[in-house]
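Please open the structure in your viewer and keep the selection panel at hand.

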Protein chains: 2
Amino acid sequence: MTLTELVEQIKAKQSFLCVGLDSDLQKIPAHLHREKEPLFAFNKAIIDATADCAVAYKPNTAFYEAAGEAGWMQLRKTAEYIRTRYPHMFLIADAKRGDIGNTSNGYAKAFFSVMDMDAVTLSPYMGRDTVQPFLEYDGKWVVLLALTSNTSAADFELMEEAGTGKKLYEKVIETSKAWGSEANMMYVAGATKAGMLQGIRKIIPHHFLLVPGIGAQGGSLSDVMQHGMNKNGGLLVNASRAIIYASSGKDFAAAAEKEAKKIQREMESGLSEHGH
Amino acid sequence: MTLTELVEQIKAKQSFLCVGLDSDLQKIPAHLHREKEPLFAFNKAIIDATADCAVAYKPNTAFYEAAGEAGWMQLRKTAEYIRTRYPHMFLIADAKRGDIGNTSNGYAKAFFSVMDMDAVTLSPYMGRDTVQPFLEYDGKWVVLLALTSNTSAADFELMEEAGTGKKLYEKVIETSKAWGSEANMMYVAGATKAGMLQGIRKIIPHHFLLVPGIGAQGGSLSDVMQHGMNKNGGLLVNASRAIIYASSGKDFAAAAEKEAKKIQREMESGLSEHGH
């Protein structure tokens, strides 16, 4: 998906919601375990219920790998289902991979050729070699970890550089923005650190940010919109557990729809407030 | 596998060779493509040919993911094959995963329960949350990226901290060594930066180091032994392409054996020189 198409989708749906498909065999409703492919059955129901309110889906590969090769197959089927039924969705493999060039090629093939994802999340630790092979795919995106929403993000991401006073996550953004463009790179910036979004916007005013951490992790959507929005909207805000596990009963899809709709409405007023 | 068992294996085999199973459908000998499971067939032949000279195997997950769920299945079968036929091998999933606690649990389950690997490589970027779930498995190991062997390792790993002058990779090692012990944590330290191994040994004299980068990437085994060895040996040195692609013909397994034997002999004299 191109940048223009993504911006159009956000305007059309008045939403920049990304639904995180953290679909865990231990947490999905009990009755789905009778299905042959319980993760895929769960995902289909969640997707059908939330597709009107969302512009992106983000399956996290960990939950599928935990189910072995059957899980990997259900991840591929989920991607195919979205591609076929909802062709205008932005599809992110939340894989947080990071390896050297030779090996990164393999991951790029896995997510962009074997599965037709639009984007993959990557870790910047090993530098440019990790990112480059992914940028060679036309119309595909890299979402680079910068400032994450977890507690121990402070262990290394906030390390301050001698001489410049830059934090590691700032250096990651400043260095890597030259590797691609605002049309093929985004950055992960956690909602639990919304105050820092202003600083990030000074370095990359035009890039999209993928923002996790609202809902279960406690970040505030209105803070994120206040500090993170730009002329394109410029945000994909992810919610996972708050939507997909809104109910653990047979009404899980309806409950997910209700939660997604609630978030979409808040996004709609934020977009309108900021002139979109 | 415990630390004691690993040290015993190294003494018994007079080798600390780790064979990297970077098994790429595009690079394995052409005649294997007639097999139903070409990656698994390739791996079995490589393993049988090198098991006498090696103490560890390290499949890199990227190459298996690039072959879709069939690849993922062949990775699991490779792990099972090693577990069954060569129970004293140290088995490393080179996955370089890194995510928050909730999600890291999924990866830990994938590699330690679904597959019975001994160790997983992890990226430190997101801090302790990434590592902790893996350390809760008894007898299992985390191999944390510190100083990698690729060209762009310098982008961020060598960033210097204000006040302390420590490099990021040094801070990663210093901070994380308190999360586990020398009996459940190792560090990746690239052979292409062998001069820095001395500095690493000052921070962690007793931990094992997993050293990639000899062979195809140009690092020198004798430099690594000189700067990196400790009282336990303390090294696992990985070679991938130099061994597994030593020949692209039908004699690939014999050629791999010859290469592995050559490296093992050099290791044997290094071990004896250092009194092991």
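**Before starting**

This is a predicted model, in which local features need pLDDT of at least 70 and side-chain atom pairs count only at pLDDT 80 or more, while totals for chains, interfaces and linings use all residues. Residues are numbered from 1 along each chain as its sequence is written, and chains are lettered from A and ligands numbered from 1 in the order in which they are written.

**Stop 1: chain A as a whole**

Select chain A and colour it by secondary structure. Chain A holds 11 helices and 8 strands; helices (H or I, at least four residues) and strands (E, at least two) are DSSP runs, numbered from the N terminus. The C-alpha trace of chain A spans about 60 × 45 × 35 Å along its principal axes. A compact globule of 276 residues would have a radius of gyration near 19 Å, and the 18 Å of chain A agrees with this. That radius is taken over C-alpha atoms, and the globule rule is 2.2 Å times the number of residues to the power 0.38.

What percentage of the 276 residues in chain A is buried? Buried residues make up 58%. A residue is buried if 20 or more other C-beta atoms lie within 10 Å of its own, exposed if 12 or fewer, and partly exposed in between, with C-beta atoms placed from the backbone.

Contacts in chain A come next; two residues are in contact if their C-beta atoms, placed from the backbone, lie within 7 Å. Among contacts in chain A between residues at least 6 apart in sequence, 70% join residues at least 24 apart.

**Stop 2: where chain B touches chain A**

Show both chains. The contact takes 47 residues from chain A and 47 residues from chain B. On the side of chain B, the elements that give two or more residues are α3 (61–65), α4 (68–85), β3 (90–97), α5 (101–114), α6 (128–135) and α7 (168–176). Which of them gives the largest share? α5(B) does, with 6 residues. By class, this side of chain B has 20 nonpolar, 13 polar and 14 charged residues. Here Ala, Val, Leu, Ile, Met, Phe, Trp, Tyr, Cys and Pro count as nonpolar, Asp, Glu, Lys and Arg as charged, and the others, Gly among them, as polar.

**Stop 3: two helices of chain B**

Two packed helices are described by the angle between their axes and the distance between the axes. Select α2 (residues 38–50) of chain B together with α4(B): their axes come within 9 Å and cross at roughly 25 degrees. Axes are lines fitted to C-alpha atoms, for helices over the stretch in contact, and angles run from 0 to 180 degrees between N-to-C directions. α2(B) and α4(B) are therefore roughly parallel to each other. Angles under 35 degrees count as roughly parallel, over 145 as roughly antiparallel, 65 to 115 as roughly perpendicular and the rest as oblique.

The crossing of α2(B) and α4(B) is right-handed. A crossing is left-handed if the near helix is turned anticlockwise from the far one by less than a right angle, and right-handed if clockwise. To display the contact, show B:Leu39, B:Phe40, B:Asn43, B:Lys44 and B:Ile47 of α2(B) with B:Gly71, B:Gln74, B:Lys77, B:Thr78, B:Tyr81 and B:Ile82 of α4(B). These residues divide into 5 nonpolar, 4 polar and 2 charged.

**Stop 4: two helices of chain A**

Select α5 (residues 101–114) and α6 (residues 128–135) of chain A, whose axes come within 8 Å and cross at roughly 40 degrees. α5(A) and α6(A) are therefore oblique to each other, and their crossing is right-handed. The contact is made by A:Gly101, A:Ser104, A:Asn105 and A:Ala108 of α5(A) and by A:Asp129, A:Thr130, A:Gln132, A:Pro133 and A:Phe134 of α6(A). Their classes are 3 nonpolar, 5 polar and 1 charged.

**Stop 5: residues in loops**

Select B:Leu158, in the loop between β5 (141–147) and α7 of chain B. With 15 C-beta neighbours inside 10 Å, B:Leu158 counts as partly exposed. B:Leu158 and B:Leu168 are 10 residues apart in sequence and 5.7 Å apart in space, C-alpha to C-alpha.

Finish at A:Gln14, in the loop between α1 (3–13) and β1 (17–21) of chain A. Most residues other than glycine have a negative phi. A:Gln14, although not a glycine, has a positive phi of about 50 degrees.
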